Amino acid sequence: MDDQKKLAIIATKGTLDWAYPPFILASTAAALGYETQIFFTFYGLQMLRKDLSGLKVSPLGNPGMPMKMPFGPKWFKDISWNIPNAVQSLVPGYESLATVLMKQTIKNNGVATIPELRELCQEAEVKFIACQMTVELFGFEHSDFIDGVEYGGAATFFEFAGESDICLFI
Amino acid sequence: MNFDKELDARGLNCPLPILRCKKSLNEMTSGQTLKVTSTDPGSVKDFAAFAKQTGNELLSSSEAGSEYTFFIKKK
């Protein structure tokens, strides 16, 4: 009998912040002995690209995101920059700047980078499945993605998800 | 306490201490003890949960200042 626990994740988001939950949960589950699969669909495909530098974080329309500076004296770091949506949308490069600052904050806090977490998942034999339909829909080629990715559809997902102990949509 | 291997996970944040711990245990043999030092306050509950779920025994979990020390015996 196969009594190994199973975790199935669907990853649908394509931003730097939303790349964390699937990779953190999958790598940790694998360390705990779970057999783990992530099904990447729609914008989640961004997380499988060879080049992950396109992953960005957008503070625009995200009132839950604290905007703080990752450098300078403590009083400066503690300031919460309340920048109106209208300004964020008008300033060119605002998203890229926010991403640079976020990456610095991640580094300062000893949090792993996305490429690092993805590699840890692969080392732990987490299976990555890309949704073939959305690969074509968005005009991607298999060569855009890292090695070791399998391609399938909804039925492929259910084959594993139906047997899973935990199933998450992220 | 005696140990066979040591892991310095200071400065690392979730889930890295657990992942590094698992990697270290993989390189050890059954019955050996791993000492882990971390600074992540979340690791106290995480190492207890890791031990419970993987069957590796958490021999001790202690705190001194802002550092946490764990001794884990490999299953």
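A residue counts as buried if 20 or more other C-beta atoms lie within 10 Å of its own, as exposed if 12 or fewer do, and as partly exposed in between, with C-beta atoms placed from the backbone. By that rule, 31% of the 75 residues of chain B are buried. This is a predicted model, in which local features need pLDDT of at least 70, side-chain atom pairs count only at pLDDT 80 or more, and totals for chains, interfaces and linings use all residues. Residues are numbered from 1 along each chain as its sequence is written, while chains are lettered from A and ligands numbered from 1 in the order in which they are written.

**Chain B**
- Chain B has 2 helices and 4 strands, where helices (H or I, at least four residues) and strands (E, at least two) are DSSP runs numbered from the N terminus.
- Along the sequence, these elements of chain B run β-α-β-α-β-β.
- The radius of gyration of chain B is 11 Å, which agrees with the value near 11 Å for a compact globule of 75 residues; the radius is taken over C-alpha atoms, and the globule rule is 2.2 Å times the number of residues to the power 0.38.
- Along the principal axes, the C-alpha atoms of chain B fill a box of roughly 30 × 25 × 20 Å.

**Contacts between the chains**
- In chain A, 11 residues are in contact with 11 residues of chain B, contact being C-beta atoms, placed from the backbone, within 7 Å.
- Helix 1 (residues 16-31) of chain A supplies the largest share of the chain A side, 4 residues.
- That side of chain A has 6 nonpolar, 5 polar and no charged residues; nonpolar covers Ala, Val, Leu, Ile, Met, Phe, Trp, Tyr, Cys and Pro, charged covers Asp, Glu, Lys and Arg, and the others, Gly among them, are polar.

**Nonpolar core**
- The largest nonpolar core has 48 residues, and those touching the most other members include Phe40(A) and Cys21(B); such a core is a set of buried Ala, Val, Leu, Ile, Met, Phe, Trp, Tyr and Cys residues joined through C-beta atoms within 7 Å.
- Leaving aside neighbours within four places in sequence, Phe40(A) has contacts that include Ala11(A), Leu48(A) and Ala130(A).

**Local features of chain A**
- Pro63(A) lies in the loop between strand 2 (35-40) and helix 2 (74-77) of chain A.
- Pro63(A) is exposed because it has 7 other C-beta atoms within 10 Å.
- Helix 4 of chain A is followed by Gly110(A), whose phi is positive, near 65 degrees.

Key
Two residues are in contact if their C-beta atoms, placed from the backbone, lie within 7 Å.
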